Amino acid sequence: MALLYIILLSLTLISHTALTSSTITLPLSPLLTKPQSSARFQSLRLAASASLTRAHHLKHRQNASSVATAQVYPKSYGGYSIDLNFGTPPQTSPFVLDTGSSLVWFPCTTRYICSHCLFPNIDPTKIHTFIPKNSSTAKLLGCRNPKCGYLFGSDLQSRCPQCQPNSQNCSVTCPPYIIEYGLGSTAGFLLLDNLNFPSKIVPQFLVGCSILSIRQPSGIAGFGRGQESLPSQMALKRFSYCLLSHIFDDSTESSDLVLHISSTGDTKTNGLSYTPFHPNPSASNPAFLEYYYLSLRKVIVGGKKVKIPFGFLDPGSDGHGGTIVDSGSTFTFMERPVYDLVAQEFVKQLGNFSRAEDVEAQSGLGPCFNTSGAKTVNFPEFTFQFKGGAKMTLPVENYFSLIDDSEVVCLTVVSDGGAGPAKMSGPAIILGNYQQQNFHIEYDLENERFGFGPQSCKKKT
């Protein structure tokens with residue numbers, strides 16, 4: 001991390017120093033490398049590893065301003081990308097849609113370095129970067145600007161140690177940031193610049209200008225609850241998306257991310273079921289305040305309620321337990337005791353099929369079942385029931401995946417080697433994007449509720 005600071009402080013950025021419609025619609029694309037059929041097994045294994053790493057990060061996350069050690073794991077993205085336009089004239093950059101973090105940042109300057117970013121279809125030397133000197137509205141963020149406090153806290157003196165306490169003309173910039181994402185990290189400076197939409201301009205939007213990243217070849221659009229997130233800075237009333245079914249590809253198809261600026265009151269979207277967001281736990285770890293907690297009440301497999309201890313379903317004041325929804329995680333994560341109960345029920349109800357334990361060991365997924373010779377397979381329904389009675393019943397393709405042409409299917413829910421409540425830290429269940437496929441998902445921020453309903457996300461032609 002010392003090297004990150006040296007590089008950050010050695011670079012010099014050139015300083016430069018109306019909302020009319022109620023909604024903004026952006027195309028949303030899957031962000032995964034398309035494999036040959038023989039590579040699907042490896043893609044699933046990498047996605048499982050990435051999902052576990054992501055879960056570990058979300059559960060043990062520190063403040064964004066903290067110096068952290070990057071964890072480097074082999075991964076495939078398993079996320080979704082949007083394009084945003086910053087600057088004057090606008091420069092377009094791709095961003096990973098992430099409801100589990102808050103800062104919006106892009107690869108920045110001609111000196112941008114991405115370490116360990118040699119992914120399929122990605123040349124680390126040719127990553128698109130934002131060039132601040134080419135934007136007439138870009139400027140470095142001063143340490144006395146209230147927006148600097150979004151990441152570094154309200155104490156002016158800690159943000160501006162080189163300024164005299166009573167000085168009104170201090171020109172020291174906001175400190176450089178280093179943020180860890182579990183799958184990698186990024187470091188840079190904070191800028192203010194215009195965020196441009198076809199009929200809208202959001203002036204002086206706080207954005208991170210990253211000049212060094214580890215395993216993060218694309219920028220990230222943080223949609224969490226933090227002050228620096230896109231929904232917070234735009235004062236969105238709600239936002240919604242529909243995630244195309246991803247089969248680990250870089251399809252040119254896209255679906256819509258819709259940003260609602262104006263109030264719609266208590267209006268509910270047709271076809272959606274709603275459950276209230278659970279209040280964020282007042283834990284000592286402020287990172288948990290950025291998450292979207294849901295009040296999960298039941299997990300049902302094949303019509304049978306899995307008897308999950310309530311302590312896993314409801315977060316305590318220490319922040320341990322509970323369920324969050326995260327577009328940045330691929331597969332849903334469950335704390336080991338919860339996962340074991342769910343997996344055991346699937347094993348019981350699919351008892352006519354033998355376990356493919358060799359595939360489980362290699363893929364990181366499980367349980368896996370050998371279905372060779374079977375003309376049909378009746379998979380048990382998998383349902384999440386939330387407070388208020390709203391039920392999310394998943395289509396089979398959202399929770400079982402076929403491994404290559406092997407006639408082996410695996411449950412796409414992951415867990416680690418945890419050993420129960422005594423070691424539980426952070427959310428017990430993380431609802432990933434793989435389980436959200438082909439659902440209309442709505443974050444109603446104005447009314448503090450989560451909406452969902454099954455829907456084909458393919459655009460009609």
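**Disulfides, a sheet and aromatic rings**

With -90° about the S-S bond, the disulfide of Cys 108 and Cys 209 is left-handed; a disulfide is a pair of cysteine sulfur atoms within 2.5 Å. The model is predicted, so local features need pLDDT of at least 70 and side-chain atom pairs count only at pLDDT 80 or more, while totals for chains, interfaces and linings use all residues. Residues are numbered from 1 along each chain as its sequence is written, and side-chain values use heavy atoms, with hydrogens and water left out.

**Disulfides**

- The structure holds six disulfides.
- The sulfur atoms of Cys 108 and Cys 209 are 2.0 Å apart.
- Helices (H or I, at least four residues) and strands (E, at least two) are DSSP runs, numbered from the N terminus.
- Cys 108 and Cys 209 are both buried, where buried means under 20% relative accessible area, exposed over 50%, and partly exposed in between (1.4 Å probe, protein chains only).
- A disulfide also joins Cys 148 and Cys 174, with sulfur atoms 2.0 Å apart; with 85° about the S-S bond, this link is right-handed.
- Cys 148 lies in the loop between strand 6 (139-140) and helix 3 (149-152), and Cys 174 in the loop between helix 4 (156-159) and strand 7 (177-180), so the pair ties together parts that are 26 residues apart in sequence. Both Cys 148 and Cys 174 are buried.
- In the disulfide of Cys 163 and Cys 170, the sulfur atoms are 1.6 Å apart. Cys 163 counts as buried because its relative accessibility is 5%.

- Four strands form an open sheet in the order 16-15-21-22, with antiparallel pairing; two strands pair if DSSP finds at least two bridges between them.
- Strand 16 (304-305) and strand 22 (391-394) are the edge strands, each pairing on one side only.
- Two bridges join strand 15 (residues 296-301) to strand 16 in the antiparallel sense, and Val 301 stands opposite Lys 304 in strand 16.

**Thr 323**

- Thr 323 belongs to strand 17 (residues 323-325) and counts as buried because its relative accessibility is 2%.
- Beyond its neighbours within four places in sequence, Thr 323 has contacts (heavy atoms within 4.5 Å) that include Tyr 292, Leu 313 and Ile 429.

**Aromatic rings**

- The structure holds 27 aromatic pairs. Rings of Phe, Tyr and Trp (its six-membered ring) pair if their centres lie within 6.5 Å; planes under 30 degrees apart count as stacked, over 60 as edge-to-face and the rest as tilted.
- Phe 86 and Phe 106 form an edge-to-face pair, 5.5 Å centre to centre with 80° between the planes.
- Phe 277 and Phe 450 form a tilted pair, 6.2 Å centre to centre with 50° between the planes.
- Phe 277 is in the loop between strand 13 (273-276) and strand 14 (293-294), and Phe 450 is in strand 28 (residues 449-454), 173 residues apart.
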